[in-house]
Amino acid sequence: MVEMTRITRLSLQGFKSFRKRVSIPFFPGLIVIAGPNGSGKTNILDAICFALGRSSIKSLRAERLHDLIYHGNKKFPPADYASVTMWFDNSQKIFPFEENEISITRKVNKAGMSLFKINGKTTTREKILEVLSAARIHPDGFNIIMQGDVNQVIEMTPEERRFIIDDISGISQYNDKKEKAKANLDKVEQKLREVEIVISERMQRLVELEHDRNIALRYKDLQKNLEVLKASLAHQKYVYLLNDYKKTDTEVSDVDVEIRQIEDEIKRIEKDLELAEKRKEEIANKMFVRSKDSSIRSEIEELRTRIARNETRIDSNIREMDRINSMIQKLDAIKLERRGFSRGVQAILDLNRKGVYGVISNLIQVPSEYEIAVEVAGGQRLQNIVVEDTLVATECINYLKREKIGRATFLPLNKIKSKKLSPEQRQLLKKPGVIGLITDVIDFDRKFISAIEHVFGDTIIVENLGVARDIGIGSIRMVTLDGDLIETSGAMIGGFYEKKELLGPEKEISEYMQAKKDLAEEINFLRVEIDQINKKIDELKSIEEKENKEISGLDEERIKIDQDIEELKDKRKELYEQRIVLQNKINRTKIKAAKLEAELDNLKLEAERYGDVDFIDEKPEILEMRIQDQTRELNSLGLVNLKAIEEYDAYKIEFDELKAKYDKINEEKQSILEMIEKIEEKRKQVFYETLAGVSENFQKVFKEITGGDASLDLEDPLNIESGLIIRANPTGKAILNIDAMSGGEKSVTALAFLFAVQMYKPAPFYILDEIDAFLDKINTKKIIDMIKKLSSKDQFIVISHNDYTVKQADKVYGVAMEDGESKILGLEMPNASEDE
């Protein structure tokens, strides 16, 4: 008969919800602790685990150790410490003490320090665990089933369930022995590898000495060849690049010659123009002399002079328009550079969508003296996009979202509200130093007035901060000429401000466009006038022909000269353009030459580094391929021993000694392998015996509870590291894996498994916390009936508020919460037969 003990008493003081000292006697049989939720009945189980030395504070439902101390309430102050004492029956002298009853005590103070005692004498946790282990009592033993343990078994993976068998079988000791043997094996194998390396080196050395010498000679040849090839490559690259450099010089010279030829041609054309103009003037003078008496001739010449003036004016206007176009292009480029718009704003403007009028900064014209003030006052709102209506704004926003480009602020003209000054604020415009409302000093299309006033309608420009202070900080939104901003909230933003050019050059562009328009109108007017004059001249010439045929010949020559002059001018313009193209080409060539010159300097230094070498006259591509081949062969040689000379004599003796050492170490390795094999066999034997025992208990318990069959099997029967499969047929159907069962079936099966584990490793007492919480009445009765049967020889302490469980108890303790503390009431129940 196995000698056992049991809990005889439990004393708590200041532990969790137990303020005052409470002593609970525990008798043999089935003891039930009942009470409503929150009354503190589970705290009794926590107290037992605490006293037994459990180290996991979270398993005691606390974050820190001092959280176990009674916290107090409005009526009672908190306790200074928590203390729990357990008494055990020692009548059979299971514990190494003479007393018939021993006690263990654990106490914790507010600092979180634990104190352990045995029979009132201070000791250590390790000593208590040692004493308790003699009676198969462990703080984390399977004889204590806490809330959630059943569900934990259900939710475990097969591997985690197998760990339970590992734990109760005690195979960890074999694991330790096996690991130590493996560590010794690793050391022996390391020694073997070291000896094998040395032996391999000696054997190879004996055979490879001559081979190493040949490799060394080849290595030196390759090194020398590589040096020559690299020097030749640097030299050839230098030569080829030098040719390219010389070509650039030649190219520059050739283009210079072309430019000079063009310039000479331009000079010749200008000289021809000068002669043509001079001849034209001579003809005009001659015609004037010939026709000075003719009023028709005078009138024709006067009209031609007017045509010449008009044509000159037209040419001048065309040149001016070309200059204006160039300035507009530059301003457009500046406009793009100054934008600084966000990606979202830029994307919307690039769409050129109908109904999108532009950003605020592009819709206003600001006098230069107010640009800084307007930039500061507008800030980021200068990038606000003015659109026709909310529909356009919505479509633009959806486009930004869809394309994930960014964000933008839209001002729909059909909804945006203007900002206005109050009558009191308008009075401030008359104050000294006030320049006026921003909307009064800038120009804009009145179509956009609501959007412009939304941004600037509540802001005035003042000369400086002194004026702002005189007006009153916070009375109105103000901005100074040099960029200090005063908000109505009283916030003042200022300091040095560097103009950011946020406002586009639209004003200048507009002025240039107007000037261009005026010039175009003037050209049209002058051309109309020329047409009219030519008609007049034609009329006069028909009259004049009758009067003077000689003058007609001169006039034809003048016309021919005019045509020649136009052709010469066109030719000169074409030559100007050719000269610009050639000058750009020279600039690009000179940049290329500068880069080539820098590369030449580097290659020259590299070639000189190799010294006096007989260069190989090959193309750089061929030299590079040869260098690659030589380098590849050089790298393939690996490590080269350049001192491979007579080393044979001492190697034979050393090799024989090493061989003997290797054989001895190998014998040691085989001995360790045999030991590991025996340990593994014993480990498997213990594991399978434990599995068989627990499985047998599982079958018995399950059959007693449900009348069904059950089994425990490994996923891989030949691998003790594989998962544990729990199978049963609680409903009398085909056997199912526990994971495929219903909730209630899982709970019954998991409980049967835990009872089987307890039966394999019997303990002097069992504590079960609300194991019937998830069971139906039928399964509860079966489980409790089995516990009742087992309690005839073992002590069972069950926490429950199930009526049937309470009725089957030999002793019932009721727990109630009064004034924030738990209190105990003991009841001795009548026999179940009497109750029935």
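Author: Two strands pair if DSSP finds at least two bridges between them, and strands (E, at least two residues), like helices (H or I, at least four residues), are DSSP runs numbered from the N terminus. This is a predicted model, in which local features need pLDDT of at least 70 and side-chain atom pairs count only at pLDDT 80 or more, while totals for chains, interfaces and linings use all residues. Residues are numbered from 1 along each chain as its sequence is written, and side-chain values use heavy atoms, with hydrogens and water left out. Counted in this way, the chain has 22 helices and 25 strands.

Reader: What makes strand 11 and strand 12 a pair?

Author: Strand 11 (residues 385–387) is joined to strand 12 by three bridges, and a pair needs at least two, so these strands pair. The two run parallel, and Val 387 stands opposite Pro 412 in strand 12. They belong to an open sheet of three strands, in the order 9-11-12 and with mixed pairing, whose edge strands, strand 9 (356–359) and strand 12 (410–412), each pair on one side only.

Reader: Which helix packs on that sheet, and which strands are touched?

Author: Helix 10 packs there, touching strand 9, strand 11 and strand 12, where contact means heavy atoms within 4.5 Å. The direction of helix 10 makes about 160° with that of strand 12; such angles run from 0 to 180 degrees between N-to-C directions, and axes are lines fitted to C-alpha atoms, for helices over the stretch in contact.

Reader: Why are helix 7 and helix 10 called oblique to each other?

Author: The axes of helix 7 (residues 343–350) and helix 10 (residues 390–403) cross at roughly 120° and come within 11 Å. Angles under 35 degrees count as roughly parallel, over 145 as roughly antiparallel, 65 to 115 as roughly perpendicular and the rest as oblique, so helix 7 and helix 10 are oblique. Gly 344, Ala 347 and Ile 348 in helix 7 meet Cys 396, Tyr 399 and Leu 400 in helix 10.

Reader: What makes helix 19 roughly parallel to helix 20?

Author: Helix 19 (residues 743–760) and helix 20 (residues 777–790) pack at an angle of about 10°, their axes 11 Å apart, and the roughly parallel class takes angles under 35 degrees, so helix 19 is roughly parallel to helix 20. From helix 19, Val 748, Leu 751 and Phe 755 meet Asn 779, Ile 783, Met 786 and Ile 787 of helix 20.

Reader: Why do strand 13 and strand 18 stand at the edges of their sheet?

Author: Their open sheet has five strands in the order 13-15-16-17-18, with mixed pairing. Strand 13 (434–437) and strand 18 (492–493) each have a single partner strand, so one side of each is left without a neighbour in the sheet. Strand 17 (residues 485–486) runs antiparallel to strand 18 and is joined to it by two bridges, which meets the requirement of at least two; Leu 485 has Ile 493 as its bridge partner in strand 18. Helix 9 (residues 371–378) lies across strand 15 (459–462), strand 16 (477–480) and strand 17, at about 140° to strand 16.

Reader: How does the radius of gyration of the chain compare with that of a compact globule?

Author: The radius of gyration is taken over C-alpha atoms, and the globule rule is 2.2 Å times the number of residues to the power 0.38. A compact globule of 836 residues would come near 28 Å, but the chain has 54 Å. Along the principal axes, its C-alpha atoms fill a box of roughly 165 × 105 × 60 Å.
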